[in-house]
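Hello,

Here is the structure we talked about handing over. Please have a look at it first, then read the notes below.

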Amino acid sequence: TIRDTIALQNGKFTVEVTNDTIPSYVHILPKPVDNQPVNMTEFIQVLAIPGQPLTVTGSFKDYQVTGNDFYAKYNEAKNGWKDLEDKLNQMSQTAIEMEQQGISGDSIRQFYAPAREMIAQMVDKTVEYIRQHPDEDVSLYLATRVGEHFEEVFPLLTEKVKNGPLAALYQ
């Protein structure tokens with residue numbers, strides 16, 4: 001694990017990940033302000049593919065990753081569940097605020113109960129994308145994120161994808 005802190009200059013930063021063989025996850029976290037706790041629901045995780053540029057724009061709540069065909073396909077897939085993801089993020093933020101206000105754990109759990117179904121819907125949409133796009137590298141990445149459904153969707157992927165640049169994600 002490599003950790004680094006990079007200062008923003010004019011609201012931007014550039015970093016070059018030196019790993020040239022294995023895809024790596026890059027996490028972008030906000031800096032605490034005035035000793036206030038960081039909202040851990042606001043972070044960015046992207047997959048950095050060796051030799052492929054990527055650009056992250058937007059805010060922690062609403063960001064886009066661009067730079068090559070992989071990210072274009074990922075953004076296309078993500079559009080299928082973005083509304084659910086936005087609702088979940090808002091529910092998480094509300095649950096944190098409820099906890100800070102001293103509202104009981106039972107009430108918070110009751111408020112957050114619909115999240116389980118929303119997560120299941122997001123997984124279903126992801127699985128459907130993989131089924132429709134078995135020849136895209138992004139489908140392998142998505143397959144690693146669908147939990148118990150991995151065994152269902154992995155055989156659908158083409159050999160080109162299974163042996164492609166993201167093969168290290170499951171090997």
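How many cavities of 30 Å³ or more does the structure hold? It holds 1. Before the details, some ground rules. This is a predicted model, where local features need pLDDT of at least 70 and side-chain atom pairs count only at pLDDT 80 or more, while totals for chains, interfaces and linings use all residues. Residues are numbered from 1 along each chain as its sequence is written, and side-chain values use heavy atoms, with hydrogens and water left out.

**The cavity**

A cavity is a set of points on a 1 Å grid over the protein atoms alone where a 1.4 Å probe fits but cannot get out. Lining residues have an atom within 4 Å of a point. Points are joined across faces, edges and corners, and a volume is the space filled by probe spheres set on them.

The largest cavity has about 100 Å³ of space. Its lining includes Q45, V46, L47, Y63, V65 and Y141. Two or more lining residues come from each of β2 (44-48), β4 (63-66) and α1 (69-78). Helices (H or I, at least four residues) and strands (E, at least two) are DSSP runs, numbered from the N terminus. α1 gives the largest share, 5 residues. By class, the lining has 8 nonpolar, 2 polar and 1 charged residues. Here Ala, Val, Leu, Ile, Met, Phe, Trp, Tyr, Cys and Pro count as nonpolar, Asp, Glu, Lys and Arg as charged, and the others, Gly among them, as polar.

**Strand β2**

β1 (residues 24-28) pairs with β2 in the antiparallel sense over 5 bridges (pairing needs at least two DSSP bridges). V46, from the cavity lining, is the bridge partner of V26.

**The second largest pocket**

A pocket is an open set of points with protein on both sides within 12 Å along at least five of seven lines. Of its 30 lining residues, W81, E85, N89, M122 and R145 are the closest to its centre. β2, α1, α2 (82-100), α4 and α5 (137-143) each give two or more residues to this lining. The largest share, 8 residues, comes from α2. The lining divides into 14 nonpolar, 8 polar and 8 charged residues.

Best wishes
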